[in-house]
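Work through the exercises below with the sequence and the model in view. Each task is followed by its solution in steps.

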Amino acid sequence: MIWMASSIHRKLKIALTSKEQAADAFQALDKGLLADQKRQLVKQERKAMKEREGNPEAMDVYKIWLASAPSMKSIELAMLSESPSVASGRRGSSSWVAQGLQIQQSQIQLRLEASSAGPQSTELQRLALERKRDWLGMEIQSFVSDASSFIGQIKAQGPEKADQE
């Protein structure tokens, strides 16, 4: 019994300190609102209190609606679809043409996958498609940047000598 008094006293101190901290936080929040916002909130509160017995949904004004943070997949999807990456490499004209054919085949496959996915696709499926699009975009950029060197070779040396490389 004796220890109960000190325990209650300690809990009272904590409660009073917490009350002061909560009041300070409320004051800071209250100062941050404009007068029109305060009036609107008070109006909503009065309406909710008046209608709460007949309509419990009226109390939803006290419910905190927070937008959920985007998932890692959503962030990656957005980043991949916003900015194309740049990649380049050097190779012979035969492999450059082969790369062009492979890019064309990849475009056809990607188009088929995208059309079969449809609007009901999951976020994971959309992410996989965006990764493939990003990869394909890098391949196309590499192919196009190399095109000037190979087309320049063909014009300068003639098509027969450029193919021998």
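A salt bridge is a side-chain nitrogen of Lys or Arg within 4 Å of a carboxyl oxygen of Asp or Glu. The model is predicted: local features need pLDDT of at least 70, side-chain atom pairs count only at pLDDT 80 or more, and totals for chains, interfaces and linings use all residues. Residues are numbered from 1 along each chain as its sequence is written, and side-chain values use heavy atoms, with hydrogens and water left out.

**Exercise 1. Salt bridges**

Task: state how many salt bridges a search of the whole structure finds, and describe the pairs formed by D30, R39 and E113.

Solution.
- Step 1. The search of the whole structure gives 4 salt bridges. Side chains of opposite charge can pair when their charged atoms come close.
- Step 2. D30 meets K38 through their side chains, at 3.9 Å from N to O. Accessibility classes are needed next: buried means under 20% relative accessible area, exposed over 50%, and partly exposed in between (1.4 Å probe, protein chains only). D30 is partly exposed because its relative accessibility is 25%, and K38 is partly exposed at 31%.
- Step 3. R39 pairs with D36, the closest N and O atoms being 2.3 Å apart. The two residues are 3 apart in helix 2, so about one helical turn separates R39 from D36. R39 counts as exposed at 54% relative accessibility, and D36 is exposed at 53%.
- Step 4. E113 pairs with K132, with 2.6 Å between the closest N and O atoms. E113 belongs to helix 4 and K132 to helix 5 (residues 123–157), so this pair ties together parts 19 residues apart in sequence. E113 is partly exposed at 31%, as is K132 at 39%.

**Exercise 2. Helices and confidence**

Task: list the secondary structure of the protein chain and find where confidence is lowest and where it is highest.

Solution.
- Step 1. Helices (H or I, at least four residues) and strands (E, at least two) are DSSP runs, numbered from the N terminus. The protein chain has 6 helices and 0 strands.
- Step 2. pLDDT is the predictor's confidence in each residue, from 0 to 100. Its mean over the protein chain is 79, and 81% of the residues reach 70 or more.
- Step 3. Confidence is lowest in helix 6 (residues 159–164), with a mean of 50, and highest in helix 2, with 88.
- Step 4. Over residues 83–90, pLDDT stays under 50.

**Exercise 3. Helix 4**

Task: check the span of helix 4 and name its buried residues.

Solution.
- Step 1. The expected span is 1.5 Å times one less than the number of residues. For the 25 residues of helix 4 this should be 36 Å, and the end C-alpha atoms are 36 Å apart, which agrees.
- Step 2. The buried residues are S93, W96, Q99, G100, I103, S106 and L110.
- Step 3. G100 is buried because its relative accessibility is 16%. From G100 to F143 the C-alpha distance is 6.9 Å, although 43 residues separate them in sequence.
- Step 4. S106 is buried at 12% relative accessible area. Leaving out residues up to four places away in sequence, S106 touches W135 and L136 (contact means heavy atoms within 4.5 Å).
- Step 5. G118 follows helix 4 and has a positive phi, near 70°.
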